[in-house]
Amino acid sequence: MESTSGLVSAQGKQPVFSFGVISDVQYADIPDGYSFVGVPRYYRHSIHVLQRAVQQWNNHQKLKFVINFGDIVDGKCPQDKSLTAVKKVTYEFEKFNGPVYHMIGNHCLYNLPREKLLPLLNISSPDDHAYYDFSPASEYRIIVLDGYDISAIGWPEDNPKTSQALEFLRKKNPNSDKNSPEGLLGLERRFLMFNGAVGREQMQWLDGILQDATKLKQKVVVCCHLPLDPGVSYLEALLWNYDEVMNLIHQYNCVKVCLSGHDHKGGHSIDSHGIHHRSFEAALECPPGTDAFGYIDVYDDRLLLFGSDRMESTDMCFDP
């Protein structure tokens, strides 16, 4: 894996901890295809990208855990093969010598309802929510958000969250196909059915975690399948209420970096409050012989992403 420009200044210092990252594997046992805008997708090859990732992560030996940024299988996977496909990919993740933290994406939810999906991803929640946090070191907290908390996919049809999402889309997107951004301008282009929102209870939970992290003088890394900054991704990929979530985050100084998937092309931006946003390149879009995964060395004043091949290495420095 390549080195990054920030390596020199971090030389001689041991990272506080390191962890592996991959996003949008979107495996399916079907022939290659294209995204709705014509980008090639390699459905069978993506599991080989994951296998090479796990091999490299295990060779690294110092990685404390791995985070998968969602969309473990593709929505085009035949429904009768969904369970098998999810189990096949989670089996590959389980070959990593350490914990793997998953988050849910839209393609996961096209395949399986939450109550079946979450146990397979080891996300334990009494009410089928998929947000949680953990502290890999005393000075750091990692928050995983559930970007499909309010969503038209994944919840039972009679769930209030489904009706809330459908009503929201009816108001925001006049197209009969709610996955079409046609006629929507600028930031309104995010109001699509394949996105979702963070609901009120999750916002209250997030507020509580940020208060706690502030008291404990912890630095926070926020992870979400959906990007949280317009500068880091296609506008069509943003969380519906990214602005509300970031307004809350900006009330605190503890959040240093926000990491995401979903967007596929990858990006890096720094917002008005100095928070780094990094969306990851998709494993799904790697032609055979290429890769997109990496690992992050965490220091007190930066996150250093070492990317392989199509995943660009990135130095994210901040005030400690």
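1. Strand β8 is joined to strand β9 (residues 255-264) by five bridges, and the two run parallel. Within this pairing, Val-221 stands opposite Val-257 in β9. Strands pair here if DSSP finds at least two bridges between them; strands (E, at least two residues) and helices (H or I, at least four) are DSSP runs, numbered from the N terminus.

2. The model is predicted, with local features needing pLDDT of at least 70 and side-chain atom pairs counting only at pLDDT 80 or more, while totals for chains, interfaces and linings use all residues. Residues are numbered from 1 along each chain as its sequence is written, and side-chain values use heavy atoms, leaving out hydrogens and water.

3. β8 also runs parallel to strand β7 (residues 140-144), again with five bridges. Here Arg-141 stands opposite Val-220 in β8.

4. β8, helix α8 (residues 242-249) and β9 form a right-handed β-α-β unit. Right-handed means that, with the strands pointing away from the viewer, the path from the first strand over the helix to the second runs clockwise.

5. Six of the six residues of β8 (residues 219-224) are buried, that is, under 20% relative accessible area with a 1.4 Å probe and protein chains only (exposed is over 50%, partly exposed in between). One side carries Lys-219, Val-221 and Cys-223, the other Val-220, Val-222 and Cys-224, and both faces are covered.

6. A search of the whole structure finds zero disulfides, defined as pairs of cysteine sulfur atoms within 2.5 Å. Cys-77 counts as buried at 4% relative accessibility, and Cys-108 at 1%.
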